[in-house]
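Q: Could you go through this structure with me, step by step?
A: Gladly; have it open beside you while we talk.

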Amino acid sequence: MTGHHNDPTYRRNAAIIRQRTRADHAAGRPVWCIGCGRDIAPTQTWDVGHRIDAARGGTHNLDNLGPQHRGENRRAGGRLGAQRTNNTNGTSRASRGLPTW
Ligand SMILES: [Zn+2]
């Protein structure tokens with residue numbers, strides 16, 4: 001864990017993401033994980049994560065934040081992300097030309 005979660009921009013925008021995600025779940029709308037791209041079910045736990053990690057220059061702006069399965073943003077995307085990282089030699093989705101949403 002780093003101290004960036006104390007960043008005022010992160011805190012403000014993360015609150016917006018949380019509110020939006022809860023509202024989507026409450027309304028029965030699908031919520032997509034920014035880590036693995038899969039559905040986050042209302043019963044699953046999630047956190048606000050960075051599409052581009054702050055350590056790699058990602059911002060705390062809304063367009064770089066989104067809901068992510070809990071645990072994935074703690075260490076490079078969890079099991080699935082680790083597998084993907086291994087397969088792609090650590091390159092990010094963006095650097096491979098994939099959508100970063
Ligand atoms: Zn996920």
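Q: What pLDDT does the protein average?
A: This is a predicted model, in which local features need pLDDT of at least 70, side-chain atom pairs count only at pLDDT 80 or more, and totals for chains, interfaces and linings use all residues. The protein averages a pLDDT of 82, and 67% of the residues score at least 70; pLDDT is the predictor's confidence in each residue, on a scale from 0 to 100.

Q: Where is confidence lowest, and where is it highest?
A: Confidence is lowest in helix α2, residues 78-88, at a mean of 48, and highest in α1, at 97. Over residues 85-90 the pLDDT stays under 50, and the model has four contacts beyond four places in sequence for that stretch, where contact means heavy atoms within 4.5 Å. Where pLDDT is low, the predicted coordinates should not be read in detail.

Q: OK, how many helices and strands does the protein have?
A: It has two helices and two strands, and from the N terminus on the elements run α-β-β-α. Both kinds are DSSP runs numbered from the N terminus, with helices being H or I over at least four residues and strands being E over at least two.

Q: How do β1 and β2 run relative to one another, parallel or antiparallel?
A: They run antiparallel, and five bridges join β1 to β2, which covers residues 65-69; two strands pair if DSSP finds at least two bridges between them. In β2, the bridge partner of His50 is Leu65, while Gly49 has Gly66 as its bridge partner.

Q: And which way do the residues of β1 point?
A: Trp46, Val48 and His50 point one way from β1, whereas Asp47 and Gly49 point the other way, and all are buried. Buried means under 20% relative accessible area, exposed means over 50%, and partly exposed is in between, using a 1.4 Å probe and protein chains only. In a regular strand the side chains alternate between the two faces of the sheet. Strand β2 is mostly covered too, with five of its five residues buried. Across the protein, buried residues make up 30% of the 101 residues.

Q: Which residues make up the largest nonpolar core?
A: There are ten in all, namely Tyr10, Ala14, Ile17, Val31, Cys33, Cys36, Ile40, Trp46, Val48 and Leu65. Such a core is a set of buried Ala, Val, Leu, Ile, Met, Phe, Trp, Tyr and Cys residues joined through side-chain atoms within 4.5 Å. The elements that give two or more residues to this core are α1 (8-26) and β1 (46-50), and the largest share, three residues, comes from α1. In soluble globular proteins, nonpolar side chains tend to be buried together.

Q: Is His69 buried or exposed?
A: His69 is buried, with a relative accessible area of 11%. Cys33 is buried at 1%, and Cys36 is buried at 12%.

Q: How many disulfides does a search of the whole structure find?
A: It finds zero, a disulfide being a pair of cysteine sulfur atoms within 2.5 Å.

Q: Last one: where does Leu62 lie, and what does it touch?
A: Leu62 lies in the loop between β1 and β2, and it is partly exposed, with a relative accessible area of 30%. Leaving out residues up to four places away in sequence, Leu62 touches Asn13, Ile16, Ile17 and Arg20.

Key: Residues are numbered from 1 along each chain as its sequence is written. Side-chain values use heavy atoms; hydrogens and water are left out.
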